[in-house]
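Subject: Structure for your review

Dear colleague,

Please find below the structure that I am handing over to you. I would be grateful if you could read the notes under it with the structure open beside you.

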Amino acid sequence: MTTSELRAAILWHLKYSQGKLPAEATAHHMRAALTLAVRDRIVEPWLASARATRAAGAKRVYYLSMEFLIGRLLEDAMVNLGLMEAAREAVTALDFDFIQVMCDEPDAALGNGGLGRLAACFLDSMSTLGCPAHGYGIRYEHGLFRQSFREGAQVESPEDWLRDPNHWEFERAEASFTIGFGGTVGGEGRRTTWLPDEAVTARAYDTPIVGWQGRWANTLRLWAAQPVEPLDLDRFNRGEFSAAAAPEAAARAISRVLYPDDSTEAGKTLRLRQEYFFTAASLRDILRRFLIEYDDLAKLPAKAAIQLNDTHPAIAGPELVRLLHDVHGMDFEAAIDAARGTLAYTNHTLLPEALESWDEGLMTRLLPRHMQIIEAIDSRHACAHPGRRAGARADGQVRMGELAFIMAHRVNGVSALHTDLVKSTVFSDLHRLHPDRIVNETNGVTPRRWLLGANPRLSSLITDTVGPGWEDDLERLEGLAAHLSDVGFLDRFAQIKRANKSDLSNWIARELGERVDPDAMFDIQIKRIHEYKRQHLNILETIALWAEMRERPEAGWVPRVKIFGGKAAPGYAMAKRIIRLINDVARAINADPRTRDLLRVVFPPNYNVTMAERLIPAADLSEQISTAGKEASGTGNMKFALNGAPTIGTLDGANVEIRERVGAENFFLFGMTADEVVARRETPDHAAQAIAASPALAGALDRVARGEFSDGDTDRYAPLVADLRGHDYFCVCDDFDAYRAAQREAAAAYADAARWTAMAAANTAHSGWFSSDRAIRGYMADIWDAAPLI
């Protein structure tokens, strides 16, 4: 598409879709017109892909995920279609600022962290590879939440990404399903009937996801919850206006917010409603599509692969059995076999509390037929394996991880270490019974967004060095290895990093009012705030570093900017306490005239995909410091390495594989291994011993405890300090000195500019394996038995 053709398409949509002439239009109108013009270019390959799938009788992949953290789609689509320069020229020729137009697009608030971003990367890769696929999720009106800080504390407010029409989506009124809850179970003869006493409508909204060079496009179908009857007119006419609208409010609550606080019974009920709502709607849609083309549901495993992204859609097992047996009349045992042959489950956590479980009473009240089916599935599994020790029910709870395992023909971990730990810890008994069921598929990230789109300067250097084609064959980055001793190449690499850091410095000054030096080391930790991710280890070491700098300001310190980003779950008090501590420490450090040129701490609020695209290309050091054995994989670690940021990290998740591939000499390793962590916890006073052995840690904790960063309030961080001095389950204190030593090692390396640039470039050169294209090829071969159609 030429610039003039795109300009004409923009003008058409500006006039006929937006009702505006160019002289009257704002950046918002221009962005809408540009979006619609680009979307028009996607529709033809999107429809053609659907036709090709039907014509080939190809197996389809259905990816069910509670999150799809897709971010802004406009740049992503234009990168994949090769329209970035044409769009820039067309928009500029119409007297609009291209950057301002692009920034008008809101981030789609459909995810929280790595789980949702992985799902988005996988959608891109499935389209790039020509794998026929649908993503299924929820069309959240308000997503997670918009984060701001008040006196350093996190404040949550509703995200408003749908305040204006979403020009990417197509509403599919014809694709609507009535989803029931509660009620009773009855039946005549051998047919069981569930009679719900409450129902909502699931309405479909489709977004086309185009792959590289526009050769294939798949569908992200999101469900919005709506009332079956929009208004109780009798009550309205009686003047009971609020009561008349209550059904609408109750229905819409299901698709309003991602991860509502589940610390209350009402919150738990809503979470289970959400999970069943989108899973049930998706399965009915899958069967509807299958039955249009085939008449024998026994063929379902041969024509459909359903991937459960974590335990949120684990209710798919009993729901699919219900549909096959109760609705379509399949024999119960055959229905279980067909469901298992179709379903696969990705485990994303080793944290017991993150492996969902639901009270049997709640399950019975909300989904009575499903509780019966769960009991039947679990009983049959127990009978088939008399010596089993783990099942889908225990202590009055339905254990969704075990249920997902039992009902899946494949279970995968997301890094080599994580998969080994899945086998030996959370599912050890089920692995003993089904030794061939668990496989590994290490995560990956799409290079189209996280390199080509996010870091165009580095992308140009890569193309100049190894030629085009790496965008969908990322292992071609290995060709950069031959240039790691080339002074000219390394100089360009360093100049690119400096330019990216300068851009970020300007943004920080503009958005936060903080001046940071782009020549300082940019040390970045961006991820969901959680104790196992150990942001508090980072800030405690920062306090210790600041103390040393204050004592010896002339000691030749490497200037450093510590950058944090991430959100804490609304009900997670300790994580929110860590956020406030970071902000309180930042306030103190940034105001210190003695160290302001040596150390800065910044925490931009409302971390999202767009912010990550700004921060990652500018990073010098990637913080991947989780407690060993707790991070399943991580994908941020891959994005940082790909963009030339060496890692400081533990042997956790995909850090292990990153270190193997980029080289131990280009990775700052510290901390205990997963086995050592388990052994260390056996020592009752392990934290006290570590504190006693580390004056720097003891001093940092004392300063927090006595209220130095909280205006003398000794209660503010008392629970955090007490946990670290006592239980310290995540071994922050045990790893502190090793982390501190690794930070000094990183500072020494950074002081040698040539050495640092070579390390950074080596990370980029050896990160090609961490492409989501490689990961999806693995899923297609090992789990889905699906073939590409391009």
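This is a predicted model: local features need pLDDT of at least 70, side-chain atom pairs count only at pLDDT 80 or more; totals for chains, interfaces and linings use all residues.

Two packed helices are described by the angle between their axes and the distance between the axes. Here, helix 1 (residues 3-16) and helix 4 (residues 84-93) have axes that come within 9 Å and cross at roughly 55°. The crossing of helix 1 past helix 4 is right-handed. On the side of helix 1, the contact is made by Thr3, Leu6, Arg7 and Ile10; helix 4 contributes Ala86, Ala87, Glu89, Ala90, Val91 and Ala93. Of the residues in this contact, seven are nonpolar, one is polar and two are charged.

The sheet

Strands of a sheet pair through backbone hydrogen bonds, either parallel or antiparallel. In this model, an open sheet contains three strands in the order 12-14-13, and their pairing is antiparallel. Strand 12 (357-359) and strand 13 (393-394) are the edge strands, each pairing on one side only. Strand 13 is joined to strand 14 (residues 397-399) by two bridges. Which residue of strand 14 is the bridge partner of Ala394? The partner is Gln397.

Two loop residues with positive phi

Most residues other than glycine have a negative phi. Arg534, although not a glycine, has a positive phi of about 65°. Arg534 lies in the loop between strand 17 (521-526) and helix 22 (535-551). Asn606 also has a positive phi, near 60°, and is found in the loop between strand 19 (599-602) and helix 24 (609-615).

Are these two residues buried or exposed? A residue counts as buried when its relative accessible area is under 20%. Arg534 is buried because its relative accessibility is 0%, and Asn606 is buried because its relative accessible area is 10%.

A further buried loop residue

Thr446 sits in the loop between strand 16 (438-440) and helix 19 (447-453). With a relative accessibility of 1%, Thr446 counts as buried. Which residues does Thr446 contact, apart from its neighbours within four places in sequence? These contacts are Arg117, Cys121, Asp124 and Ser772.

Yours sincerely,

A colleague

Methods: Residues are numbered from 1 along each chain as its sequence is written. Side-chain values use heavy atoms; hydrogens and water are left out. Two strands pair if DSSP finds at least two bridges between them. Helices (H or I, at least four residues) and strands (E, at least two) are DSSP runs, numbered from the N terminus. Buried means under 20% relative accessible area, exposed over 50%, partly exposed in between (1.4 Å probe, protein chains only). Axes are lines fitted to C-alpha atoms, for helices over the stretch in contact, and angles run from 0 to 180 degrees between N-to-C directions. A crossing is left-handed if the near helix is turned anticlockwise from the far one by less than a right angle, and right-handed if clockwise. Contact means heavy atoms within 4.5 Å. Ala, Val, Leu, Ile, Met, Phe, Trp, Tyr, Cys and Pro count as nonpolar, Asp, Glu, Lys and Arg as charged, and the others, Gly among them, as polar.
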